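Look at the sequence and the model below.

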Amino acid sequence: MENNYSGLKQQLFDHAYHLKEMGSTFDEATIALSKLCDDTALVEEVIKEVRNAYYKAKRSEGMIKIGIGATLILAGFVITCSNFHSNQSFSFAMYGLTTVGIIIVFWGLYKIIG
């Protein structure tokens, strides 16, 4: 009985996560799962787990983007400083790398905030 319960729970989780990835809201996923299973406690538990897994993946993706953006900002700063002191053009590093880095950092923050 327990194995059947965990198998149903996994099926519901997979279905709800797929719905969320396709753009459905959590309420729509709850309604879809309610049509598949009569146990409302199980449906709520699955939706809670899907919500946690979905936002964990988004936070992870956002942190990676923030790291890449911060690296570009740091590289732009270092290249700007070294080119400034050697009397070379630093426009690309100052305006290009740092701008792209800031955009990627904000993109990462958007992913984290949701």
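A residue is called buried when its relative accessible area is under 20%, and exposed when that area is over 50%. The model shown here is predicted.

Start with helix α2, which covers residues 26-36. Its buried residues are Phe26, Ala29, Thr30 and Leu33. Around the helix axis they take up an arc of only 105°, so they lie on the same side of α2. An α-helix has 3.6 residues a turn, so residues three or four places apart point the same way. The other side of α2 has exposed residues: Asp27, Ile31 and Lys35.

Leu33, one of the buried residues of α2, leads on to the interior. Leu33 is among the residues with the most contacts inside the largest nonpolar core, together with Leu12, Ala16, Val46, Ile47 and Val50. This core has 15 residues. The largest share, six residues, comes from α3.

Leu12 gives a view of how parts of the chain meet. Apart from its neighbours within four places in sequence, Leu12 is in contact with Leu33, Leu36, Cys37, Leu42 and Val46.

Where do nonpolar residues make a surface patch? Ile102, Phe106, Leu109 and Ile113 form one of about 430 Å². Ile113 belongs to helix α4, which covers residues 91-113. The relative accessible area of Ile113 is 75%, and a residue over 50% counts as exposed, so Ile113 is exposed.

Methods:
Residues are numbered from 1 along each chain as its sequence is written. This is a predicted model: local features need pLDDT of at least 70, side-chain atom pairs count only at pLDDT 80 or more; totals for chains, interfaces and linings use all residues. Side-chain values use heavy atoms; hydrogens and water are left out. Buried means under 20% relative accessible area, exposed over 50%, partly exposed in between (1.4 Å probe, protein chains only). Helices (H or I, at least four residues) and strands (E, at least two) are DSSP runs, numbered from the N terminus. The arc is that of the directions from the helix axis to the C-beta atoms. Patches are made of residues with over 30% relative accessible area and no salt bridge: like charges are joined within 9 Å, nonpolar side chains (Val, Leu, Ile, Met, Phe, Trp, Tyr) within 5 Å. Accessible areas come from the Shrake-Rupley method with a 1.4 Å probe; for residues, only the protein chains shown count as cover. A salt bridge is a side-chain nitrogen of Lys or Arg within 4 Å of a carboxyl oxygen of Asp or Glu. A nonpolar core is a set of buried Ala, Val, Leu, Ile, Met, Phe, Trp, Tyr and Cys residues joined through side-chain atoms within 4.5 Å. Contact means heavy atoms within 4.5 Å.
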